[in-house]
Amino acid sequence: MQPEGVIVLAEFEEPAHAAALVLGDIGFLAAGEETVAPPGGTRRARVFAGHAGWGPGQLELELERDDWIVEPAVTEDLFASEPTGLWGSVLERKGGRYALLARMPLDPSMN
């Protein structure tokens, strides 16, 4: 856990300026970057305060056990205007039993 860490995800004008690309021209701003926008600029960005990571092989093991619901990312997911509803909208898009899960109340006793 890195509760004090900051990560900036940006849509780059020049993707080569990203520290690591995630999807198309969207990637992470390099750690220690002194300015919010790298040379060449960005079209939009989202700043995340705090993050968690995995130890070597941990994520792979979790994926093998089907601990995660996996769905390919869509560019607009990364910059959703209502991020609190993102989980539900991705489950709806995935369809089937996942769409049903998206419609369940947070408190199952309210069902």
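Mentor: Contact means heavy atoms within 4.5 Å. This is a predicted model, where local features need pLDDT of at least 70, side-chain atom pairs count only at pLDDT 80 or more, and totals for chains, interfaces and linings use all residues. Residues are numbered from 1 along each chain as its sequence is written, and side-chain values use heavy atoms, with hydrogens and water left out.

Trainee: OK, Val-90. Which residues is it in contact with, leaving aside neighbours within four places in sequence?

Mentor: Val-90 is in contact with Glu-71 and Asp-77, once those neighbours are set aside.

Trainee: And which element does Val-90 lie in?

Mentor: Val-90 belongs to helix 3, which covers 86-94. Helices (H or I, at least four residues) and strands (E, at least two) are DSSP runs, numbered from the N terminus.

Trainee: Is Val-90 buried or exposed?

Mentor: Val-90 is buried, because its relative accessible area is 18%. The cut-offs are under 20% for buried and over 50% for exposed, with partly exposed in between (1.4 Å probe, protein chains only).

Trainee: How much of the chain is made up of buried residues?

Mentor: Of the 111 residues in the protein chain, 20% are buried.

Trainee: Back to Val-90. What separates its C-alpha atom from that of Leu-9?

Mentor: A distance of 19 Å lies between the C-alpha atoms of Val-90 and Leu-9, and the two residues are 81 apart along the chain.

Trainee: Changing topic. How many helices and strands are there?

Mentor: The protein chain has four of each.

Trainee: How does strand 1 run against strand 4?

Mentor: Strand 1 and strand 4 run antiparallel and are joined by eight bridges. Val-8 has Val-47 in strand 4 as its bridge partner. Two strands pair if DSSP finds at least two bridges between them.

Trainee: What about strand 1 and strand 3?

Mentor: Those two also pair in the antiparallel sense, over three bridges, with strand 3 taking in residues 26-28. Gly-27 in strand 3 stands opposite Ala-10.

Trainee: What share of contacts joins residues at least 24 apart?

Mentor: The share is 50%, counted among contacts between residues at least 6 apart in sequence.

Trainee: Last one. What does the C-alpha trace span along its principal axes?

Mentor: The C-alpha trace of the protein chain spans about 50 × 30 × 25 Å along those axes.
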